[in-house]
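Grab a pencil and work through these exercises with the structure open next to you. Try each task yourself before you read its solution.

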Amino acid sequence: MTRTSSTFAAIGAGAIAGAAGPLPWIAGAFTVIQPGLAKWLLGAAAVGGATAVLAAFVCRQGHPAARVAVLLTGLLAAASSPAFIALFARQPPAEPRLAGVAPTEAAPATDRLRALQLNALHGYPDSEGRLVVQERPSDRLRRAEQLAAEVSRLQPDVVVLQEAWCAVGEGCLADRLARKLGFHAVYARANGSLRWLGFEEGSAILSRFPIAKPRVWPLGPDRNAFERRIALTARIDHPQLPFELVGAHLANGDTDLAAAQAAGLLERLGESERPVLVAGDLNLPGDHAAMARFREAGYRDVMDGGIDHVLLDTANTGWWPLWTEQPETGAVSDHPGILVEFQLPVPPDADDWPDDWQPVAPARVGLDPGRLEQAVQGIGELEGVRGLLIARRGRLVAERYFRGSAGDRPHNLKSASKSVLSALAGLAIEQGLLDLDQPIADVLPEAADLDGTGKQAITVRHLLTMTSGLESTSFGNYGPWVASRNWVRAALARPLQAEPGTRFSYSTGGTHLLSATLSRAAGRSTHDFAREHLFAPLGVRRSAWARDRQGIHMGGNNLSLVPRDMLKFGQLYLNRGRWNGEQLLPWRWIDESTRPGLVGPRGRGRIYGGYGYLWWLRGSRERGAYIASGYGGQYIYVAPAEDLVVVVISTEVSKGRGWRGELFGIIREGVAGSVVDPYDRRGLPAPL
C-alpha cells in the first residue's frame, strides 16, 4: 500500500469514527430517536471508533500526523458509547411532574369508580402485524387524538397509561390528553432521555379528581441503562374516598426479569402507605409465581389471563369490582386495555325515582328499540313464559304478557321469595333484632333444644349463604319435608353433613328456619314484618305468602306479588337500597348480599356463577348481574352495569337447563345488548 493510499484509508476510517462518535449526542437536536435506534447508533459509534484505532495501526505507511489524528478520533469515538451510557445510567431517578392544565371545575363523585389500564400505541403495525416504532410526528399526533377519543368513549375516572411518550417538538402525550379530556395528570420518565435522544417513554396517571403526593419508585434490576422501569404512585383525592394508585411497567420479553422487578415493587408497596390499586403492564402471566406473591400480599387480580393487570387491595378497601372487560382498543394500543368498574363503600347517589312505573320509549333511556323488541319477542316465544317486564334507569320500557296472563294478579315467585327474605333479614339486623353471626339457637327454641354443639353453631349468616351443614330439604327431599307435621323441626332434624360454614348446599328448609328465626325475633309473622318495613314503603299493596302448619310463613318460596311490584323490588336493589329519596335498605347490606361468599356452589350449582345472601350471581359475561330465581322460570334480574331490571314470570313447571341458557342468552345479548352505549354515564331522563 502506498503512503498516499494508506493515509487516505486511515483518514477515511477516522472520518467515519468522527461522524459516528458524536451522533448519538446531537441527534436529538434534529430528529426524534427512539431507544431502539439509539442503541444501534451507539453500537455504530463503538464499531467506527474501533475501526479507526485498528486503521491507525494497520496503515503503517500513512502520514504519522494523520495516523495520530485517526487514532485519537477512534479512541474518542469508541469511548463515546460507554461514556454516553455511563452518564445516562447516572441520571437521578425521574421526578414526577404534574401534566397538562388542571380542570377548573370539581369533578362530580359517584358511588362507583371506573379505572382504565392502557398501553399507548407509539408506532404502527406493518403488513404482517408487527409493531414499527419509527413513525412520523404527524402519525403520533394523530394517534394521540384517537387515544383521547377512545378514553372519552370509555368514560373512566382514572387512567393508568404506560408508554406515554414525549418527543422533541411534539410535547408529551400526558399533557395532550389532560388538556383534551379536562383531567388532572401526572407523568414520570421511564425509558429513554429527552435530553439526548429526543424521545422518551414514561408512566402517566390521569384522573377526574385532583392528584396529590406523586412519587416514583425505580424498579430493579434492569438489563441496562435503556431499560429503566419505574412505578408511579399518587394519591387520588376522590371527594368521598381518597385512595392510592400505582402504575407500573415492568420489563417485557423476560418474565424472570419482570418477576424480579415485581419483587421490588412488592417491597415498595410494603414500605409505603398501602395503595388501593396497582395497575400496569406487568408482563407476567396470571399464573406466574410472582403474581401468586401479589395475591399472598392481599391483592386480587380483577381479570384473569393476559400480562396487563389491575390489582385490588382486597384486605383493606371494601371495594368490589362490579364488572371487568377488555374494550376494543386496537387502533390506539398494542395491548388489550383493561376497564374495570368498582363499587365503592360509600352511600349511593341520591335518586329521583318517582315511585311509579312511567312507560317511556326505549330510545329515551339509551336502548336500541329494534334490538330490544327482537329480544322481547324471543323471550315471549319461549315455552311457558307468561310475562316480561324491563326497566332501565327507573323507567318501564317493556311490559308484555303472554298465554292469557295479565299483570293485575299476584304471581307466585317460588324460590325467588328467598331474595325477599334476604332483604327482610337485612332490615332485622339493622333494627338490632338479629345479628349476622348470631346462632339461631339463641332465638329459636326448637334449635336450642337440639343435642350436640354442631347444630347449635348454625348462625343467621349460614342460613343466608346456604352453608348450615344440614342435609338439604330441596330436590328429592322436598316432598317428604313439606309432608312433615312441623317443618322447622323436620329441617333441624336433618343430619349435619358438614361443619356449619364450610359447604354450600341449597336447601329451602334452611330459609324456612331463617323465616322462623326472624319471626321469633321480631315478635310478629314474617309477612307482617315485610308489610310494615318493606312492602308499605315500596307501595306494594297486594301480596300473599303461604304458611306451614304452625303459621310460619315459608321462607324459601310461595310469596306472591304483582309483576310490577317484583320489578320494584329489583329496582330497590339496583338503587342500593334507596327508594323515593330515603335509604330503605342499608346500602352495605345490598353490597354484601350480592357478592360471593367464602363458600359457594359447586358442580351444577355453579350454573349461575356464585351465591350471595340468597341471591344467585351471574357469571363474568353478564358484568356483575345477579338474580332472584324461582322454580319454573320466575326471575328478577338486576344488572347494575347496564342500569337494567328484568322480570320474567312463567308457568310453574320445570323448563330445564337448556331453556334457562336460552333465556339468559337473550337477556345478555338482546336486552342488555340493546344498550346503545354501555359506557354512557348520563343520568335519568328528564321527568315526563
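**Exercise 1.** Leaving aside neighbours within four places in sequence, find out which residues E150 is in contact with.

*Solution.* Step 1: start with the contacts, where contact means heavy atoms within 4.5 Å. Once the neighbours within four places in sequence are set aside, E150 touches E328, T329 and V332. E150 belongs to helix 5, residues 137–154; helices here are DSSP runs of H or I with at least four residues, strands are E runs of at least two, and both are numbered from the N terminus. E150 has a relative accessible area of 13%, and buried means under 20%, exposed over 50% and partly exposed in between, with a 1.4 Å probe and protein chains only. So E150 counts as buried.

A quick word on the source: this is a predicted model, where local features need pLDDT of at least 70 and side-chain atom pairs count only at pLDDT 80 or more, while totals for chains, interfaces and linings use all residues. Residues are numbered from 1 along each chain as its sequence is written, and side-chain values use heavy atoms, with hydrogens and water left out.

**Exercise 2.** Work out how helix 8 and helix 9 pack.

*Solution.* Step 1: get the geometry. Helix 8 (residues 255–271) and helix 9 (residues 289–296) pack at about 15°, and their axes are 9 Å apart. Axes are lines fitted to C-alpha atoms, for helices over the stretch in contact, and angles run from 0 to 180 degrees between N-to-C directions. Step 2: name the arrangement. That angle makes helix 8 roughly parallel to helix 9, a label for angles under 35 degrees. Step 3: list who meets whom. A259, A262, A263, L265, L266 and L269 come from helix 8, and they meet A290, R293 and F294 of helix 9. Step 4: sort them. The contact has 8 nonpolar residues, no polar ones and 1 charged; Ala, Val, Leu, Ile, Met, Phe, Trp, Tyr, Cys and Pro count as nonpolar, Asp, Glu, Lys and Arg as charged, and the others, Gly among them, as polar.

**Exercise 3.** Is strand 15 largely enclosed or open? Find its partners too.

*Solution.* Step 1: count. In strand 15 (residues 308–313), 6 of the 6 residues are buried, so the strand is largely enclosed by the rest of the structure. Step 2: look at each face. D308, V310 and L312 are buried on one side, and H309, L311 and D313 on the other. Step 3: find the partners; two strands pair if DSSP finds at least two bridges between them. Strand 13 (residues 277–281) runs antiparallel to strand 15, joined to it by 5 bridges, with L277 partnered by L312. Strand 14 (residues 299–301) also pairs antiparallel with strand 15, over 3 bridges, and Y299 stands opposite D313. Step 4: follow the turn. Strands 14 and 15 form a hairpin with 6 residues between them, and G305 in the turn has a positive phi of about 90°.

Methods: Angles under 35 degrees count as roughly parallel, over 145 as roughly antiparallel, 65 to 115 as roughly perpendicular and the rest as oblique.
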